Amino acid sequence: MSSSRLLFDEPGPRARRRIRVATALTLLGGAVLVALALRQFGENGQLAADRWRPYGTWPMWRYLLEGLRSTLYAAAVSIALAMAAGIALALGRLSPARWLRVPSAAYVEIVRTVPALLLVYVVLFALPKYGLDLPLFWKLVVPLTVSNAAAFAEIFRAGIRSVERGQLEAGLALGLTRGRAMRLVVLPQAARRVLPSLVSQSAGLLKDTSLGYVVSYAELLYSGKVLANYNHLLIQTYLVIALIYLVINASLAKLARTLEARQRTRPSRAVREAAAAARP
């Protein structure tokens, strides 16, 4: 079962045709906008070779790569913390205990409606008034973790609910506690089924690290701002940064599609084992 079928219904033939038409129109509109932008840049001298020559030098790229390293570090820590919190929240929402289920559901439903930027402002301006002034790195990571934990929780919950109930019952029958059966039997299967969605959500979180611009954390976008103030090449700097983001997120999107296609074409381990057992 693919992750898309876990999270929403597969579109039918008519819906797929509308999606293809909308995609083609969107690509056409995007191509027209890019052509118009390039024409404007050319008329204003922004495409002149001397304005792009600095980006062929190693010191410029070394500075941008340092910003990219900070971006990837903040994203990796945020993803790890948000996934751990997401698993806890998903298990809380599925718990038979009301005192776990209700607070977990309330957290997910409330936080999903709050923009990550607002959480950044809370950490940046509200918490210091109460004596909690975090370092710049955590002023970015904490809001991203709080915001994305709710999204990861829903992905994990969908994955857990897709696992056949007999898997948990089999673990309980073997003498495992409910917690160990969930950790050793159900969660690994659920994580494999929603892996493409986890990659997609991680790509979204990576883009959200650009909010480090607000807290003055030296991630890629903030580094670009400093660089543009220094060399006065605003258009060129932000186009290069956009290209870096495009390459990274396109790679993650490709990885998500590859994982999803592999899950569709490759039978699950349980199916393979059942087929092997059925052979004479």
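Reader: In which helix is Trp52 found?
Author: Trp52 is found in helix H3, residues 49-52; a helix is a DSSP run of H or I with at least four residues, numbered from the N terminus. The model is predicted: local features need pLDDT of at least 70, side-chain atom pairs count only at pLDDT 80 or more, and totals for chains, interfaces and linings use all residues. Residues are numbered from 1 along each chain as its sequence is written, and side-chain values use heavy atoms, leaving out hydrogens and water.

Reader: Why is Trp52 called partly exposed?
Author: Buried means under 20% relative accessible area, exposed over 50%, and partly exposed in between (1.4 Å probe, protein chains only). Trp52 has 29% relative accessibility and therefore counts as partly exposed.

Reader: What lies 2.9 Å from a polar atom of the side chain of Trp52?
Author: The backbone oxygen of Gln46 lies at that distance. Gln46 is also one of the residues that Trp52 touches, not counting residues up to four places away in sequence; a touch, or contact, means heavy atoms within 4.5 Å.

Reader: How many aromatic pairs does a search of the whole structure find?
Author: The search finds four. Among them, Tyr121 and Phe125 form a stacked pair.

Reader: What makes the pair of Tyr121 and Phe125 stacked?
Author: Rings of Phe, Tyr and Trp (its six-membered ring) pair if their centres lie within 6.5 Å; planes under 30 degrees apart count as stacked, over 60 as edge-to-face and the rest as tilted. The centres of Tyr121 and Phe125 are 5.8 Å apart, with 25 degrees between the planes, so the pair is stacked.

Technical notes
Helices (H or I, at least four residues) and strands (E, at least two) are DSSP runs, numbered from the N terminus. A polar contact is a pair of N or O atoms within 3.5 Å; within protein, one must be able to donate a hydrogen and the other to accept it, and residues adjacent in sequence count only if both atoms are side-chain atoms.
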